[in-house]
Amino acid sequence: MKYALVTGGSRGIGRAVCIALAEEGYSVIINYVSNKDAAQEVKDIIESKGQSAELLAFNVADAQAVEEALNSWQEQHPEDYISVLVNNAGIRMDNVLVFMQDNQWNDVINTTLGGFYNVTKYLVKYMMTKRYGRIINMASLSGLKGLPGQTNYSAAKAALIGATKALAQEVAPRKVTVNAIAPGFIASDMTKDLDEKALKSMIPVGRFGKPEEVAAVVTFLASEKASYITGEVISVNGGLYT
């Protein structure tokens with residue numbers, strides 16, 4: 001059985017990624033923090049198609065919780081390992097820096113960047129031992145160009161891109177690839193508070209993207225066909241920033 005873990009897999013891009021990876025034959029581990037109903041819905045969709053999925057609740061920002069959850073999973077699957085990791089979990093707490101609260105800075109950094117560290121550090125050793133793995137990090141347009149009101153989010157995503165490029169070089173000899181995807185404006189829970197009508201006029205293709213369009217890039221990077229691609233950042237933004 002091929003296993004893929006998607007952090008923040010219950011909604012939006014994460015949900016689409018879970019479904020797409022299941023369709024590629026992976027047994028998908030759907031991570032969530034508190035919204036079990038949404039995660040269960042994703043699991044039900046996958047299983048209704050005759051594919052395999054399971055739920056795994058933990059907060060990626062909590063190192064102890066990550067270790068306990070993944071230890072438990074590994075004990076239940078002693079002969080298996082997670083060969084595909086999609087670090088998708090992230091939160092937005094937008095504010096201009098002059099008014100930003102400490103928790104808005106810390107929570108965003110700890111979820112995106114700390115979550116990457118906590119989960120990847122645990123799983124990458126298994127990938128290196130097995131001499132195969134795919135790590136796909138969900139960055140953002142904000143991490144490439146920065147967006148006003150998102151100094152915290154832009155900093156977290158830019159750091160994730162740097163980590164992607166560094167780790168890719170460390171693990172390449174063990175046939176583990178590490179890449180990032182930088183979505184632009186994607187129609188999801190995370191962007192529902194944005195003025196889509198005003199923003200889509202800035203996008204060359206004239207619309208917000210779909211979560212499934214990001215998921216398609218994930219499935220390619222997770223495949224054997226992407227074995228010679230590592231340390232890259234692939235933008236999915238409708239031409240907004242190239």
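Tyr-126 is partly exposed, with a relative accessible area of 25%. In these terms, buried means under 20% relative accessible area, exposed means over 50%, and partly exposed is in between, using a 1.4 Å probe and the protein chains only. Before we go on: this is a predicted model, where local features need pLDDT of at least 70, side-chain atom pairs count only at pLDDT 80 or more, and totals for chains, interfaces and linings use all residues. Residues are numbered from 1 along each chain as its sequence is written, and side-chain values use heavy atoms, with hydrogens and water left out.

**Back to helix α4**

Tyr-126 sits in helix α4. Leaving out neighbours within four places in sequence, Tyr-126 is in contact with Gln-74 and Tyr-81; contact here means heavy atoms within 4.5 Å.

Now look at Met-127, which is also in helix α4. Is Met-127 buried or exposed? With a relative accessible area of 0%, Met-127 is buried. What does Met-127 touch, once residues up to four places away in sequence are set aside? The list includes Tyr-81, Ile-82, Ser-83, Val-84 and Leu-85, and also Gly-133, Ile-135 and Val-176.

**The whole protein**

Zoom out, and you can count eight helices and seven strands. These are DSSP runs numbered from the N terminus: helices are H or I with at least four residues, and strands are E with at least two. The C-alpha trace spans about 50 × 35 × 35 Å along its principal axes. A compact globule of 242 residues would have a radius of gyration near 18 Å, and the protein's 17 Å agrees with that. That radius is taken over C-alpha atoms, and the globule rule is 2.2 Å times the number of residues to the power 0.38.

Of the 242 residues, 49% count as buried. Take the contacts with a separation of 6 or more: 71% of them are between residues 24 or more positions apart. The accessible surface comes to about 11400 Å², and 51% of it belongs to carbon and sulfur atoms; these areas come from the Shrake-Rupley method with a 1.4 Å probe, and for residues only the protein chains shown count as cover.

What about charge? There are 23 positive and 25 negative side chains, with the centres of the two sets 6 Å apart. Lys and Arg count as positive, Asp and Glu as negative, while His and the chain ends are not counted. Each charge is placed at NZ of Lys, CZ of Arg, CG of Asp or CD of Glu.

**Inside: the nonpolar cores**

In soluble globular proteins, nonpolar side chains tend to be buried together. Here, a nonpolar core is a set of buried Ala, Val, Leu, Ile, Met, Phe, Trp, Tyr and Cys residues joined through side-chain atoms within 4.5 Å. The largest one has 32 residues, and Leu-21, Val-28, Ile-46, Val-86 and Ile-181 have the most contacts inside it. Elements giving two or more residues to this core include β1 (3-6), α1 (12-23), β2 (27-32) and α2 (36-48). Which element provides the largest share of this core? That would be α1, with eight residues.

Apart from this core lies another one of 29 residues, among them Leu-5, Val-60, Ala-168 and Val-171. As for Val-28, its contacts beyond four places in sequence include Ala-4, Val-6, Cys-18, Leu-21 and Ile-46.

Most residues other than glycine have a negative phi. Arg-131, though not a glycine, has a positive phi of about 60°. You'll find Arg-131 in the loop between α4 (102-130) and β5, partly exposed at 38% relative accessible area. Lys-175 also has a positive phi, near 65°. Lys-175 lies in the loop between α6 (151-171) and β6 (176-183), and at 51% relative accessibility it counts as exposed.

**A few more residues**

Gln-150 is in the loop between α5 (141-145) and α6, and counts as buried at 9% relative accessibility. Among the residues it touches beyond four places in sequence are Arg-92, Asp-94 and Asn-95. Val-233 belongs to strand β7 (residues 233-236) and is partly exposed at 21%. With residues up to four places away not counted, Val-233 touches Leu-144, Ile-161, Lys-165, Ala-180 and Ala-182.

Here are some pairs to find in the structure.

| Pair | Apart in sequence | C-alpha to C-alpha |
|---|---|---|
| Met-127 and Leu-85 | 42 residues | 9.9 Å |
| Tyr-126 and Gly-162 | 36 residues | 22 Å |
| Val-233 and Val-86 | 147 residues | 14 Å |
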